[in-house]
There are 2 protein chains.
Amino acid sequence: MKKYDVIIIGGGPSGIITGVTGKKRNPGKSFLMINEEAKGLVPCGIPYIFHDLDDVSQNAMGPKPFIDAGGDVITDKVIKIEIENKQVTTVSGNSYQYDKLVLATGSTPIIPNFIKGYDLEGVEYIKKSYDYIDNLKKKTDEAKNIVVIGGGFIGVEVAEQLAKFENKTVTLVEMEKFCLYRAFSKNVAEEADKTIRNTNIKLYTNNNVTEIIGENGKVRSVILSNGKEIIADVIIAAIGYKPNAELAEKTGLEINSNGAIRCDNYLRTSEDNIFAVGDCSQTIGFITGRTDCIMLASTATAEARILGYNLFAIKLLRNFVGTLSIFSTEIGGTVFASAGAIDQSAESANIEYVTGSFIDVDRHPGTIKDAKPLMVKLVVSPRTGTIIGGEMYGGKSVGELINVVGLAIQKEVTVYELISFQIGTHPLLTTAPTKYVLIKAAEMAAVQIENK
Amino acid sequence: MKKYDVIIIGGGPSGIITGVTGKKRNPGKSFLMINEEAKGLVPCGIPYIFHDLDDVSQNAMGPKPFIDAGGDVITDKVIKIEIENKQVTTVSGNSYQYDKLVLATGSTPIIPNFIKGYDLEGVEYIKKSYDYIDNLKKKTDEAKNIVVIGGGFIGVEVAEQLAKFENKTVTLVEMEKFCLYRAFSKNVAEEADKTIRNTNIKLYTNNNVTEIIGENGKVRSVILSNGKEIIADVIIAAIGYKPNAELAEKTGLEINSNGAIRCDNYLRTSEDNIFAVGDCSQTIGFITGRTDCIMLASTATAEARILGYNLFAIKLLRNFVGTLSIFSTEIGGTVFASAGAIDQSAESANIEYVTGSFIDVDRHPGTIKDAKPLMVKLVVSPRTGTIIGGEMYGGKSVGELINVVGLAIQKEVTVYELISFQIGTHPLLTTAPTKYVLIKAAEMAAVQIENK
């Protein structure tokens, strides 16, 4: 039986980055990746397959960097882990021994089995599977009427892409008052709402799909909780993902209340020599220190880097406990992003906070041709002035500006520090140095602290 | 005689922001700004007046935010400061008493009086004066042949803008091997060089202007050190700026070896109750702690915020000594930026360092339509792994990504922390989470430390 120093189950971003980092840091060790599918996808790129990209092949992501680093890859499915023997067995009947085992088994879409008709033909999902999405794209290309259930990031992005086809009617159904309401506070979510309604998406918020109506076993329409019936050739259910922890559970690893594999700050599970990384592993909220549910390729790869360095010993200290969620998306040309705490999450965790907001144009002078409004809001702990969250919307620069806030949160920067800090500005690239929006938001938060 | 709690001499970014911040923090105090010119300019926007903006009025910046906050403004020139009487006198014969006096007198272009013919008609400067630039724009609009002397940021940006007119021949002369060689290390400066040569600018590096030839008292051509004669209707000398510290010197304030007003970390000069802020005040290198020469609106406004808070007592602590230079510019659609130490500045200050670089596309997958290469290089102190500098080039997102590096330097982030940190990524906005360029550069630097 072949023995490897490290076996990684799963070939998504966390599997690949654990493999690449681990192999580069430990060139003398042997690495095997076992992946169910030969071809992979950039997970966050999937929505763009439906319009902006030509086809699924333009969004391919494979284990090549891992192979280039010297890792072995096989396409197979692990069905059994034997902890005593340090051995895995695949569906094709092969067994491999490991010294260290990494579970990077990802997540799967939640099936809306509480909706009558959920099992009709034509109810689809955003599965992180190359062949599945390839097939789904063919179906959406042909469809005239598409209903997307769920206004989280995936639902909004898929709907936005599909609505770019002028000959399609795309309906988005969200049960909350606003889409993206897990990532943005009321005012920002309202702005996102306005932006979504300015696209060709027909948006129904405060609504559930109460029933999916079929005809000859295929979907024909959906019924909303407001009673409206909407014709649909294809329904895309984007109501969330659940950790793919079946194999771990069967093996006897501890699972948390969200169904994720329990592990410590260094991704070590309840069993020695077994690690879990990415969507299948538990997340701890960065601010609260309690169980959270964040499934992002960016957080998965951050965990994977830490695991890759630390497979054989803790060499790279993790400077905090938990996972900081940083979200960003673009809707109809406007970018929305958030990092860390927002009003709702601070309130639900009973965290005292103040906020400070500022809006200006993202170029200076504002007469520069591509200037767009830029809004930044900071969430701040009033006792120390420490920044614990931020939200923003504006042009494409928001994609990196949110990472300034992300770093500030991770390094516990206070608004007072931020006010005294230097930033780089340029007429064609940023807001003016005299009213750099991030720093003005910090000033506004400082005023709120004084007034408290 | 009218008495003010605070008198600010100068109405550029540092004067305005000191005034706005000071007045807002101290609403009960009276503020007067005395400015030589009624109309002001966004200093860093001046190059764009020559092409991208329609005229100088599109780049106007006035004291309105200060007036809105409750400050008084007069157009006049202070010619005398009496320290004993706490009084200033203007050229128009008026005197005003102050409790606190702020010198925000800015900087003036260096005159190349070492070049024969420097005083001919047609030798121009990028003066931070509304009327002067308004007039200069009329001259450049008419000119066919323009020579820009000096390939620093101002020279490159002005030349780039003027070269966008197809009917003009624009020549840029730089004495160093590369333009922008104070801000970028060799490889990045080489890339900038390539980018400049891809515009319509005729670039001569490793060259000086040895003589300016005139005809009837007006410029006709310049002679380069390589012997070449270049026809010129207008010459723009952009060889740097010197602090405007005349008044301070006359008053007896201490001046440093660069001709800047000496002051402490809170902008206090050698005299009680007199402050100096912005280009006219001394700068201390953030990494070296020794005298430096940085004149940027971004650093000036950062100082002005600190001063505005602290005019009557130190209320806002400054978390470090010195000024971190963060530069960015766009040349022919490519953005170049740097923050803190580069190879040359580290070497000249005898600072041990390693570097780590990485290049990839700034979208993911790379098939996203507006993807551009993004290069990041970090300069790192090997003993602790602390980031002390960074450079990058790429698309417009570089304008804010450099501020992630700027914050990292100011908060003494190590490459090990950065590797373990979370970042936000999105297909349409950033590099892939699996190879986020900034983090890969940190990984490369960590490898260099291990190999050292």
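# Report on a two-chain predicted model

Asn273(A) lies in the loop between helix 7 (246-251) and strand 17 (274-276) of chain A. The model is a predicted one. Phi of Asn273(A) is near 70°, a positive value in a residue other than glycine. Asn273(A) counts as partly exposed, because 15 C-beta neighbours are found inside 10 Å.

A second residue of this kind is Asn350(A), where phi is near 55°, again positive in a residue other than glycine. Asn350(A) sits in the loop between helix 9 (343-348) and strand 22 of chain A. With 7 C-beta neighbours inside 10 Å, Asn350(A) counts as exposed. Most residues other than glycine have a negative phi, and most peptide bonds are trans.

One joins His364(A) and Pro365(A), with omega about -5°. Pro365(A) is in the loop between strand 22 (354-361) and strand 23 (373-381) of chain A. In chain B, the bond from His364(B) to Pro365(B) is cis, with omega near -5°, and Pro365(B) is in the loop between strand 22 (354-361) and strand 23 (373-381) of chain B.

| Residue or bond | Angle |
|---|---|
| Asn273(A) | phi near 70° |
| Asn350(A) | phi near 55° |
| His364(A) to Pro365(A) | omega about -5° |
| His364(B) to Pro365(B) | omega near -5° |

Next come the buried parts of chain A. Helix 5 (residues 153-162) of chain A has 10 of its 10 residues buried, so this helix is largely enclosed by the rest of the structure. Among its buried residues are Phe153(A), Ile154(A), Val156(A) and Leu162(A), and also Glu157(A), Glu160(A) and Gln161(A).

Leu203(A) belongs to strand 11 (residues 202-204) of chain A. Leu203(A) is buried, because 21 other C-beta atoms lie within 10 Å and a residue counts as buried at 20 or more. Apart from neighbours within four places in sequence, Leu203(A) is in contact with Leu172(A), Ile196(A) and Arg197(A). Tyr132(A) is 71 residues from Leu203(A) in sequence, and the two are 26 Å apart in space, C-alpha to C-alpha.

Two helices of chain A pack against each other. The axes of helix 1 (residues 13-25) of chain A and helix 8 (residues 297-310) of chain A come within 8 Å and cross at roughly 25°. Angles under 35 degrees count as roughly parallel, and helix 1 and helix 8 of chain A are therefore roughly parallel to each other. Their crossing is right-handed. Residues making the contact include Pro13(A), Ile17(A), Val20(A) and Arg25(A) of helix 1 of chain A, and Ala297(A), Glu303(A), Leu307(A) and Tyr309(A) of helix 8 of chain A. By class, this contact has 8 nonpolar, 6 polar and 3 charged residues.

The last topic is how the chains meet. In all, 68 residues of chain A are in contact with 68 residues of chain B. On the side of chain A that touches chain B, the elements giving two or more residues are helix 1, helix 8, strand 20 (326-331), strand 21 (334-340), helix 10 (398-410) and helix 11 (415-420) of chain A. Helix 10 of chain A gives the most, with 10 residues. This side of chain A has 35 nonpolar, 24 polar and 9 charged residues.

Chain A can be laid on chain B with an RMSD of 0.0 Å by a turn of 180° and a shift of 0.0 Å along the axis. The two copies are thus related as by a two-fold rotation axis. Of the interface residues of chain A, 100% are also interface residues in chain B, so the copies meet through the same surface.

Key: Residues are numbered from 1 along each chain as its sequence is written. Chains are lettered from A and ligands numbered from 1 in the order in which they are written. This is a predicted model: local features need pLDDT of at least 70, side-chain atom pairs count only at pLDDT 80 or more; totals for chains, interfaces and linings use all residues. Axes are lines fitted to C-alpha atoms, for helices over the stretch in contact, and angles run from 0 to 180 degrees between N-to-C directions. Helices (H or I, at least four residues) and strands (E, at least two) are DSSP runs, numbered from the N terminus. Angles under 35 degrees count as roughly parallel, over 145 as roughly antiparallel, 65 to 115 as roughly perpendicular and the rest as oblique. A crossing is left-handed if the near helix is turned anticlockwise from the far one by less than a right angle, and right-handed if clockwise. Two residues are in contact if their C-beta atoms, placed from the backbone, lie within 7 Å. Ala, Val, Leu, Ile, Met, Phe, Trp, Tyr, Cys and Pro count as nonpolar, Asp, Glu, Lys and Arg as charged, and the others, Gly among them, as polar. A residue is buried if 20 or more other C-beta atoms lie within 10 Å of its own, exposed if 12 or fewer, and partly exposed in between; C-beta atoms are placed from the backbone. Copies are superposed by least squares on the C-alpha atoms of residues with pLDDT of at least 70 in both.
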